[in-house]
Amino acid sequence: RPLGSTLEGLIVVATSYYSFLRLRRFFRDEGTSFCSIFEYSKSSDLSRARGAFFRGERRLMLVTERFLWYRRYRLKGANSVLFFGVPETPEIYEEVLGAVRVPSQCNSMCLFTKNDAFSLERIVGHERARTMLTSPEGKVFVYT
């Protein structure tokens, strides 16, 4: 079964262009129904991708963090968000989560490593970041 068949309304935010390219290739190889936009996307491609995602024609949207920072579009139609790395600023985190369909029912996941300590601290605070970084590998944290 293709990867994107159960990921209805998922936005994947890649923190670097290199991660974006790796994820885009992975989704293509898996046959996932997705659209992708990045900071150098043409306006017509951008409108087409956003519309397809909002109408449910594409189940997954892949975006770069730089796109979210420089273009400042509200990406509508998401049910959940996956951050493939910690966003550099808390504003990006807030804007993406603020644009989901039902914010109170949104699931968001952020993948991080010990190298993301400063970015993680900007989002969750010093104490939580320290707890998260010193915890055993594979631990899941839930914050509301």
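**A parallel sheet, its helices and its aromatic pairs**

Strand 1 (residues 10-14) and strand 4 (residues 80-84) run parallel and are joined by five bridges. Leucine 10 has serine 80 of strand 4 as its bridge partner. The model is predicted, so local features need pLDDT of at least 70 and side-chain atom pairs count only at pLDDT 80 or more, while totals for chains, interfaces and linings use all residues. Residues are numbered from 1 along each chain as its sequence is written, and side-chain values use heavy atoms, with hydrogens and water left out.

Helices (H or I, at least four residues) and strands (E, at least two) are DSSP runs, numbered from the N terminus. Two strands pair if DSSP finds at least two bridges between them. Strands of a sheet pair through backbone hydrogen bonds, either parallel or antiparallel. Here, five strands make an open sheet with parallel pairing, in the order 2-3-1-4-5. Strand 2 (34-37) and strand 5 (107-111) stand at the edges with a single partner strand each, so one side of each has no neighbour in the sheet. On average, neighbouring strands are turned by 15 degrees against each other, direction ignored. Axes are lines fitted to C-alpha atoms, for helices over the stretch in contact, and angles between N-to-C directions run from 0 to 180 degrees.

Helix 1 (residues 17-30) packs on this sheet. Helix 1 touches strand 1, strand 2, strand 3 (60-64) and strand 4, where contact means heavy atoms within 4.5 Å. Its direction makes about 160 degrees with that of strand 3. Helix 4 (residues 90-98) also packs on the sheet, touching strand 4 and strand 5. The direction of helix 4 makes about 155 degrees with that of strand 4.

The structure holds seven aromatic pairs. Rings of Phe, Tyr and Trp (its six-membered ring) pair if their centres lie within 6.5 Å; planes under 30 degrees apart count as stacked, over 60 as edge-to-face and the rest as tilted. Phenylalanine 20 and phenylalanine 38 form a tilted pair, 5.5 Å centre to centre, with 50 degrees between the planes. Phenylalanine 20 lies in helix 1 and phenylalanine 38 in the loop between strand 2 and helix 2 (43-55), so the pair ties together parts 18 residues apart in sequence. Both residues are buried (under 20% relative accessible area; exposed is over 50%, partly exposed in between; 1.4 Å probe, protein chains only). Tyr17, Phe20 and Phe38 form one aromatic cluster.

The pair of phenylalanine 67 and tyrosine 73 is stacked, because the ring centres are 5.8 Å apart and the planes are at 0 degrees. Phenylalanine 67 counts as buried at 0% relative accessibility. Tyrosine 73, at 30%, counts as partly exposed.
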